[in-house]
Amino acid sequence: MPGYGAPPTPASLGYDVRQKETYGYPVNVESDAVAIRKAMKGMGCDEAVLVKVLTQPKYSNPWVMQQLIANYNERFVRDLVKDIESETRGDLETALMALVRGPLAADVHLLSKALDRAGTDEDALMNVLLCRSNADIAAIIAEYKRIKGRDLLTEIKDDVDDTLFRLYSMVLSATKAEDSVPPSPPDTDLKVTELHRATEGVIGANAVMVAQIFTSSNSAQIRDISYAYQRKYHRSLRDVIEKEFRGDMEDALLYMLEVGEDQGRADASRLGEPLRKTIRKDSLLINRVLRLFYAPLEVDPRDGVPRPLRLERAKAAYKLKYKVSLKSDIKAFLKGDYEDLILALLREM
């Protein structure tokens, strides 16, 4: 079996408590705790101070944010999360609450809202669950059960159609190829043939077969499958999916395909879609911005310096796709302290 025994992809920072041993190193947060208490004390709230303090690069490490919360709560015998919730409003409150919750709890909160209403928010489900590592998926399932007391897959089953449920059951099995598994030419060729048989090769696409191939493959494998399909059948896999599928299944498959083909372009699309809609989807925008804020630094091959390269690639792809900078669009569509918060998280202040 290709990839058998491959090293597992580590959980994202903030998804495994064992990370505290490595990443939970002591950081000086005392002055920050005092500053944000002062900003919320008395009449009114100085939101600008909250934005300035909480978006510092050191808080892109969720375990450092946990230190700030613990210091604040102990020092002032208060609850930082509850204080921010009571002192802020609107989209700024939503973003600040997601930031102080940390990435795992923020994911669970978004899932809870997506499933706790009349009509499931499929965009939120895809945003949280698709294209995640097996370790992240396992952490999300466990945390959802701990917080909500209910099984995530059961909740999804009650809210989506059978085909989409089958896709999410595959995702939540957390058995996709680890990132360390490279594409295998024989495996790629087999999957390309199966994809053709399940789509253009039959009357009525076999959605379950296509979902199984996509959800079991890592991004590098999906990219290889996409290129191989184009070479073999002289049609893009995107065109095939758009022709054969509709609605949420089409959106989910295109989501996985775009991430596999080009992460930067996918990140750009994920930012532009909720920002540019007639009615903005700020909860999605916030979650996606924070995903980039938390992304680990990578060594820049140009000079060997660690930089937020995923964020930089997303910005470059955004300008290429929308013919305007991400910063310009943030300034055009958002206002006030909320605008400043998003710009700061994107390192544009």
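Ala, Val, Leu, Ile, Met, Phe, Trp, Tyr, Cys and Pro count here as nonpolar, Asp, Glu, Lys and Arg as charged, and the others, Gly among them, as polar. With that settled, on to the structure.

This is a predicted model, where local features need pLDDT of at least 70, side-chain atom pairs count only at pLDDT 80 or more, and totals for chains, interfaces and linings use all residues. Residues are numbered from 1 along each chain as its sequence is written, and side-chain values use heavy atoms, with hydrogens and water left out.

First, the layout. The protein chain is divided into domain 1 (18-88) and domain 2 (104-173), with bounds that come from an automatic or database domain assignment. Their C-alpha centres lie 29 Å apart.

Next, the empty space. Rolling a probe the size of a water molecule over the atoms shows where such space is left. The search uses a 1 Å grid over the protein atoms alone: a cavity is a set of points where a 1.4 Å probe fits but cannot get out, a pocket is an open set with protein on both sides within 12 Å along at least five of seven lines, and lining residues have an atom within 4 Å of a point. Grid points are joined across faces, edges and corners, and a volume is the space filled by probe spheres set on the points.

How much space lies in the largest pocket? About 1,300 Å³. Its lining has 48 residues, and Ser12, Asp136, Ala295, Pro296 and Arg310 lie nearest the centre. Among the elements that give two or more residues to this lining are helix 14 (219-233), helix 17 (263-276) and helix 19 (309-322). Helices, by the way, are DSSP runs of H or I, at least four residues, numbered from the N terminus. By class, the pocket lining divides into 23 nonpolar, 11 polar and 14 charged residues. Domain 1 and domain 2 each supply at least three residues to that lining.

Now the cavities. The structure holds three of 30 Å³ or more. The largest cavity has a volume of about 160 Å³. It is lined by 20 residues, with Cys131, Arg132, Lys176, Thr215 and Ser217 closest to its centre. Helix 16 gives the largest share of this lining, three residues. The classes here are 11 nonpolar, seven polar and two charged.

The second largest cavity has a volume of about 70 Å³. Residues lining this second cavity include Tyr15, Ala98, Asn287 and Tyr294. Helix 18 provides the largest share, four residues.

Last, the packing. In soluble globular proteins, nonpolar side chains tend to be buried together. A nonpolar core is a set of buried Ala, Val, Leu, Ile, Met, Phe, Trp, Tyr and Cys residues joined through side-chain atoms within 4.5 Å. Buried means under 20% relative accessible area, exposed over 50%, and partly exposed in between, with a 1.4 Å probe and protein chains only.

Which members of the largest nonpolar core touch the most others? Leu129, Leu167 and Phe214, out of 55 residues. Helix 16 contributes the largest share of this core, eight residues. Leaving out residues up to four places away in sequence, Leu167 touches Leu130, Ala211, Thr215, Met249, Ala252, Leu253 and Met256, where contact means heavy atoms within 4.5 Å.

Helix 13 is mostly covered, with seven of its 10 residues buried. Phe214 and Thr215 are among them. The buried residues of helix 13 pack against helix 11, helix 12 (185-198), helix 14, helix 15 (237-244) and helix 16.
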